[in-house]
Amino acid sequence: MSKQFKIIIVGGGIAGLATAIALRASNRKIIVLEQSSLNREIGAVISLQPNASKIVEMTWNLAKTLQAKGSMVDEGFQVYNLDGELQMRIPLSTMEKYGAERMLYHRVDLHDALKKRATSKEWAGEPAEILVSKRVTHCDCEEGVVYTQTGEKFHADLIIGADGIKSIIRDSILGTKIPALRTGHSAYRMILPVDKLLSDCKAFCDVVDPRAPYTTMVMAHNRRMIMGPSRNGSVYSIVAMVPDEDMNENTTDTSWTTHGDIPKMCELFADFPEWARGPLSCVKDGEVGLWQLRDIDPLPTWMKGRVILVGDAAHAMLPTQGQGASQTIEDAEAVGTFYTDILDGNDAPLEQIKAINEKIFACRYRRATTIQQYSRQAAKPATEEGSVKIKMSPSEFMDYNCSYNGALKWARQQTEQERVADDFRKMSIAEREVKTQEVAL
Ligand SMILES: Cc1cc2nc3c(=O)[nH]c(=O)nc-3n(C[C@H](O)[C@H](O)[C@H](O)COP(=O)(O)OP(=O)(O)OC[C@H]3O[C@@H](n4cnc5c(N)ncnc54)[C@H](O)[C@@H]3O)c2cc1C
């Protein structure tokens, strides 16, 4: 007799909801356990790179839903130095090169669209169910059981750890606590109505049109402003990165976000061009958050027994390339793809689940951890000390990051690369020299 394939997803952030979408199918019972009331997604702009917007907008068919909320195609980067001079303008036109656009969404809109896509009856497959205020405390990976703070137990054939950078599922997999690492960076974040910028920050708007779909950066040695619009150009988001001074460290709290002190922020950006500083003094008290930016080192594994990690729980990274959520979406698509042939709970003995999780890990690990390392590199000082000449480009890693067409193609490509590398290793030195010359020609 056919029995349901039971899936528990711990965490209802972008990773948890995206994985619920990817796993949705008939005869599957998906429950998302979320510790919060799920109404706290912050107001900020999030950009999805073509590698991920392709999955969200095309594979999961959310283009129209997001368009109705005011999604925007990002047309390029423009980078200014500390003297206010335009250093580079890089048009992106990623559709032709990577098969999808670089998209700008309001975070709340993306989260809502994913939630609806995972839980609504409008789409094929059994809708996922989200249970809020369920804080998971630990998990028995081999037995497939998660335990909540209130003493409830949930059994599943497959458990997805999508519980973010402070993941407790990760601790259960690795048998030890993996701390999130200080990266030396903090970020002030704010979102302003464009009408307010147009009326109160004229000098800024003379340089940057806040309605135009461009990512604008102003870069100094160890501070930078990264800015862009969303919701059809009606709001404008600013992330202002500074060296971390532990100023928002609160070890008793589960969050690294605190109230941002506006005078302190303005002081830290006092040497930025006057036009760029305009919006910083235009925000009101209470409208600025300060995030301590953390990441993790590559983990030895993401899986054990019936459990696998996705998203920040597996590979939290700095936001310097806008790839954190994008890698999360890729994880979700990979999980859905490799579980396609599991039609019901009869297909889910432990050995089968382990074998599939190993395939997902093999497909995702190298790519996600490479991008994690690129994100650290992209956070390095943008200029030599005392110079205004910018020595890095925001498009530096784009080809690797964005040339992605789903997990199956990537896995095939990887296998092919490994086969070529293997053949090369087996060759004699003379044969290798001939091969190298052939490639050079
Ligand atoms: C300043 C900044 C800017 C960024 N900008 C971008 C960008 O432009 N583009 C991009 O791609 N990425 C960006 N990112 C990264 C991106 O936000 C993250 O990579 C992404 O949100 C990770 O999603 P997640 O679901 O894995 O984790 P989270 O968003 O942290 O979600 C985890 C969820 O699990 C829940 N949870 C945690 N513990 C438990 C528990 N024990 N029991 C039950 N539930 C639990 C939490 O409440 C939460 O809802 C940025 C990050 C920062 C800090």
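The protein splits into domain 1 (5–71 + 105–180 + 297–386) and domain 2 (181–295), with bounds that come from an automatic or database domain assignment. This is a predicted model, in which local features need pLDDT of at least 70 and side-chain atom pairs count only at pLDDT 80 or more, while totals for chains, interfaces and linings use all residues. Residues are numbered from 1 along each chain as its sequence is written, and side-chain values use heavy atoms, with hydrogens and water left out.

The C-alpha centres of domain 1 and domain 2 are 28 Å apart. Their contact (heavy atoms within 4.5 Å) involves 31 residues from domain 1 and 26 residues from domain 2. About 2300 Å² is buried between domain 1 and domain 2, and carbon and sulfur atoms give 57% of this area. Buried area here is the accessible area (1.4 Å probe) that two parts lose on being put together, summed over both. Of the area that domain 1 buries against domain 2, Val45, Lys166 and Ala180 supply 23%, more than any other three residues.

The interface also has polar pairings. The rule finds two salt bridges across the interface of domain 1 and domain 2, where a salt bridge is a side-chain nitrogen of Lys or Arg within 4 Å of a carboxyl oxygen of Asp or Glu. Six residue pairs across this interface are in polar contact, both residues at pLDDT 80 or more. A polar contact is a pair of N or O atoms within 3.5 Å; within protein, one must be able to donate a hydrogen and the other to accept it, and residues adjacent in sequence count only if both atoms are side-chain atoms.

On the side of domain 1 that touches domain 2, β7 (103–106), α5 (107–119) and α13 (350–378) each supply at least two residues. Helices (H or I, at least four residues) and strands (E, at least two) are DSSP runs, numbered from the N terminus. The largest share, three residues, comes from α5.

The ligand is surrounded by 31 residues, the closest being Glu34, Ser47, Arg107, Asp312 and Ala325; a residue counts as near if one of its heavy atoms lies within 4 Å. A polar side-chain atom of Glu34 is 2.7 Å from a ligand oxygen atom.

By the salt-bridge rule the count comes to 16. Asp399 pairs with Lys97 in a salt bridge, their closest N and O atoms 3.0 Å apart. Because Asp399 lies in helix α14 (residues 398–402) and Lys97 in helix α4 (residues 94–98), the pair ties together parts that are 302 residues apart in sequence.
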